[in-house]
Amino acid sequence: MATTLHIPQKKTKLWISLLGAICFVSMGFFILSKPQSKDSWAPIIGWASILFFGLTGVLSIKKLLDTRPALIINDKGIWDNTTFMQVGLISWHSITKITHQKVVNNHFIFIHTKDPEVYLNKVSGISLRILRKNQQGFGTPFTINGNGVRYNITQLHQLLESEWEKHRK
């Protein structure tokens, strides 16, 4: 591949997430606006709803405003922008295999690397914890969710494997 391929983001689920967040934040405020007894759990539920779904809404808006492509594929490797846990360019030389699997009605492409720690050292906090959970559950921290890309996931898997075969040496 002499040129760079940009795979666009699919934002349908982000819009659904944002709408759900707005509903739950509104319900949280509604719960807090009603008079409560001293031993009621309602204020805790109201604040938890506002905080959790407020953060979900903010992250959804941030991703909706992101105009970068979901994936950038070039002769150096894969730049994954499908999630908030970005590790930068994953070089073809560090990839050991690329697999495709359906997990609970979602299609994923798993990118296995020689030394995931090289990439994991680039992230911290909750992103690092999520990537480590991915590594425990799937054998690799690097996943591409088919719901995040506007491209047929099977064809994308074939494209990535083809490019990896060309450039990995």
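Which element supplies the largest share of the lining of the largest pocket? The legends below begin with the answer.

**View 1. The largest pocket and its lining.** The largest share of this lining, 6 residues, comes from H2. The model shown is predicted: local features need pLDDT of at least 70, side-chain atom pairs count only at pLDDT 80 or more, and totals for chains, interfaces and linings use all residues. Residues are numbered from 1 along each chain as its sequence is written, and side-chain values use heavy atoms, with hydrogens and water left out. The volume of the largest pocket is about 870 Å³. Leu 14, Thr 82, Thr 83, Phe 84 and Met 85 are the closest to the pocket centre among the 32 residues that line it. At least two lining residues are supplied by each of helix H1 (12–33), helix H2 (42–65), helix H4 (125–138) and strand S7 (142–145). The lining divides by class into 14 nonpolar, 14 polar and 4 charged residues. A pocket is an open set of points on a 1 Å grid over the protein atoms alone where a 1.4 Å probe fits, with protein on both sides within 12 Å along at least five of seven lines; lining residues have an atom within 4 Å of a point. A volume is the space filled by probe spheres set on the points, which are joined across faces, edges and corners. Helices (H or I, at least four residues) and strands (E, at least two) are DSSP runs, numbered from the N terminus. Ala, Val, Leu, Ile, Met, Phe, Trp, Tyr, Cys and Pro count as nonpolar, Asp, Glu, Lys and Arg as charged, and the others, Gly among them, as polar.

**View 2. The contact of H1 with H2.** The two helix axes come within 7 Å and cross at roughly 155°, which makes H1 roughly antiparallel to H2 (the term applies to angles over 145 degrees). The residues of this contact comprise 17 nonpolar, 8 polar and 1 charged. Axes are lines fitted to C-alpha atoms, for helices over the stretch in contact, and angles run from 0 to 180 degrees between N-to-C directions.

**View 3. The open sheet S1-S2-S3-S4.** In this order, 4 strands form an open sheet with antiparallel pairing. Because strand S1 (5–7) and S4 stand at the edges with a single partner strand each, one side of each is left without a neighbour in the sheet. Strand S2 (residues 71–73) is joined to strand S3 (residues 77–80) by 3 bridges, and the two form a hairpin with 3 residues between them. Ile 72 lies opposite Trp 79 in S3. S3 also pairs with strand S4 (residues 89–91) over 3 bridges, in the antiparallel sense. Ile 90 in S4 is the bridge partner of Ile 78, and Ser 91 in S4 is that of Gly 77. Two strands pair if DSSP finds at least two bridges between them.

**View 4. The open sheet S5-S6-S7.** Here 3 strands form an open sheet with antiparallel pairing. The edge strands, strand S5 (95–103) and S7, each pair on one side only. Neighbouring strands of this sheet are turned by 20° against each other on average, direction ignored.

View 5. S5 is joined by 8 bridges to strand S6 (residues 106–113), and the two run antiparallel. Ile 98 stands opposite Ile 111 in S6, and the bridge partner of Lys 102 is His 107 in S6. The hairpin has 2 residues between its strands, and Val 104 in the turn has a positive phi of about 45°.

How values were computed: Angles under 35 degrees count as roughly parallel, over 145 as roughly antiparallel, 65 to 115 as roughly perpendicular and the rest as oblique.
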